[in-house]
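Hi everyone, thanks for coming. Please have a look at the structure on the screen, and then I'll walk you through a few spots in it.

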Amino acid sequence: MPTTPPDLSHYIGNADEFPILRACDFFNHAGVSPLPKRAGDALRAFADQYERRAYLESGFYRQVEDLRRSAARMIGASAEEIAFVKNTSEGIATVAAGLDWRAGDRIVTTAVEYPANMYPWMDVARRYNVELIAVPEEARPDGSRFVPIDKIIAAADHWRTRLVALSHVEYASGQRHDFPTIGRFCRDRQILFCVDAIQSMGVLPIDVRAMNIDFLSADGHKWLLGPEGAGVFFCRRELLPTLRPLSVGWMNVINDQDYGDYDFTLKPDARRFECGTHNMPGLLALKASLELLLGIGVDAVAARLKTLTDRATAGLREKGYQVISPRDAEAWSGIVSFVSPTHDHKTIWRDLRMTHNTELALREGRLRISAHLYNTEEQIDHLIAHLPGH
Ligand SMILES: Cc1ncc(COP(=O)(O)O)c(C=O)c1O
């Protein structure tokens, strides 16, 4: 059956869909994203409804279940495997606190994880005398920074390894890890594979089955274009009974509407990890944003990001900056981190914000550009033009 290619042109530079375009050139989607108009509308509709009619005929509870299905579809999961969490950290902490650790178990991660994917494992290591191995980043001949997959696999290739914990995309380098290979390795050895997907979900393809992912966590406030404090957690169906909920309240159980009849039997699906009332406004806004991306198609969004990041990378190199982010076909992402051999990064960052109305980020001594699908080529060109030359 012929399929029509998704029409991205409607969104590019469209300030009616992305009002931030009227305010500034925004390149920090790897930090905290602006809301698209339709997500803002969802928040306004929530406020309006609750002000006038409370929950009556709102349909909001049904919409939350629609979001569960959409989120599952985005990562190749089924709705029964999706729980809503308040952030990425909560999903990762659910895994860290929910497994039965034994002294001497090994956890493998990298030494360049965002702390949301480090402290939960440090806590496990300290509490249960578990060994935590953090594989360091290396400099490659082209100047990019990279944690080699063979080093991760070598560290995990041990009979005591219980879990590998990785970001799909590293927040400071932008490296995308080779998940098909790592996931296959883990599954073959019955090692659990736990993923922080906040730097990729929505804009880079994720298939939890093909990648053999066991657990995945992502808040909505970056590439998914949602508000802060509303995220998703995936737990592979077969593992649901083995993971203790992080917190237990009235909603984790099968008869959660039967308030007076206490039957402490956890739900069979991932809703067993939800302890109480949802962040309804947050989830409604996340639904609007996530379904916008799903409607376009994650592959098409990824192709758009490739165009924009290639353009930024070429411009940076031409002006004498060193690009830290790997740009290989398997490892590129929406993050372009770079350094100047001579100029002060903080001064560059401040001048861009104060003088040129351009927003990017400073992370780990690097400048970081993270454009989204609606940013224009002209915005990238202006950004490059405003950077000091060498
Ligand atoms: C890789 C990564 N994980 C997690 C987070 C944020 O975690 P949370 O959603 O718990 O606030 C960030 C934010 O910068 C991040 O870059």
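Let's start with N212, which counts as buried because its relative accessibility is 8%. Buried here means under 20% relative accessible area, exposed means over 50%, and partly exposed is in between, with a 1.4 Å probe and protein chains only. Before going on, please keep in mind that this is a predicted model, where local features need pLDDT of at least 70 and side-chain atom pairs count only at pLDDT 80 or more, while totals for chains, interfaces and linings use all residues. Residues are numbered from 1 along each chain as its sequence is written, and side-chain values use heavy atoms, with hydrogens and water left out.

Back to N212. You will find N212 in the loop between β8 (192-196) and β9 (215-219). Those labels come from DSSP runs numbered from the N terminus: helices are H or I with at least four residues, and strands are E with at least two. What is the phi of N212 near? The value is near 55°, which is positive in a residue other than glycine. As background, most residues other than glycine have a negative phi. N357 is not a glycine either, and has a positive phi of about 55°. N357 sits in the loop between α9 (345-356) and β13 (358-359). With a relative accessible area of 42%, N357 is partly exposed.

Now to the ligand. Which residues come nearest to it? Of the 13 residues around the ligand, they are T88, S89, D196, Q199 and K222. A residue is near a molecule if one of its heavy atoms lies within 4 Å of it. By class, this shell has 4 nonpolar, 6 polar and 3 charged residues. For those classes, Ala, Val, Leu, Ile, Met, Phe, Trp, Tyr, Cys and Pro count as nonpolar, Asp, Glu, Lys and Arg as charged, and the others, Gly among them, as polar.

Let's look at some of the contacts. T88 has a polar side-chain atom 2.6 Å from an oxygen atom of the ligand. For K222, an N or O atom in the side chain is 2.6 Å from a ligand oxygen, and for Q199 the corresponding distance is 2.9 Å. Taken alone, the ligand exposes 400 Å², and the protein buries 88% of that. Accessible areas come from the Shrake-Rupley method with a 1.4 Å probe, and for residues only the protein chains shown count as cover.

Next, salt bridges. Side chains of opposite charge can pair when their charged atoms come close. We call it a salt bridge when a side-chain nitrogen of Lys or Arg is within 4 Å of a carboxyl oxygen of Asp or Glu. How many salt bridges does a search of the whole structure find? It finds 33 salt bridges.

Two of them are in helix α1, which covers residues 37-53. R44 and D41 meet at 2.9 Å, N to O, and they lie 3 residues apart, about one turn of the helix. D41 is partly exposed, at 32% relative accessibility. R52 and D48 meet at 3.4 Å, N to O. Because R52 and D48 are 4 residues apart in helix α1, about one helical turn separates them. R52 counts as exposed at 55% relative accessibility, whereas D48, at 37%, counts as partly exposed.

A further salt bridge joins R366 and E137, with the closest N and O atoms 2.9 Å apart. This pair links distant parts of the chain, 229 residues apart: R366 is in strand β15 (residues 366-370), and E137 is in the loop between β4 (131-135) and β5 (138-139). Is R366 buried or exposed? R366 counts as buried, because its relative accessibility is 11%. Salt bridges that share partners also join R102, D105, R160 and R162 into one network.

One last stop: V253, in the loop between β10 (231-235) and α7 (280-296). V253 counts as buried at 9% relative accessibility. From C-alpha to C-alpha, V253 and C275 are 8.7 Å apart in space, and they are 22 residues apart in sequence.

Terms used
Polar contact = N/O pair within 3.5 Å; in protein donor to acceptor, adjacent residues only side chain to side chain.
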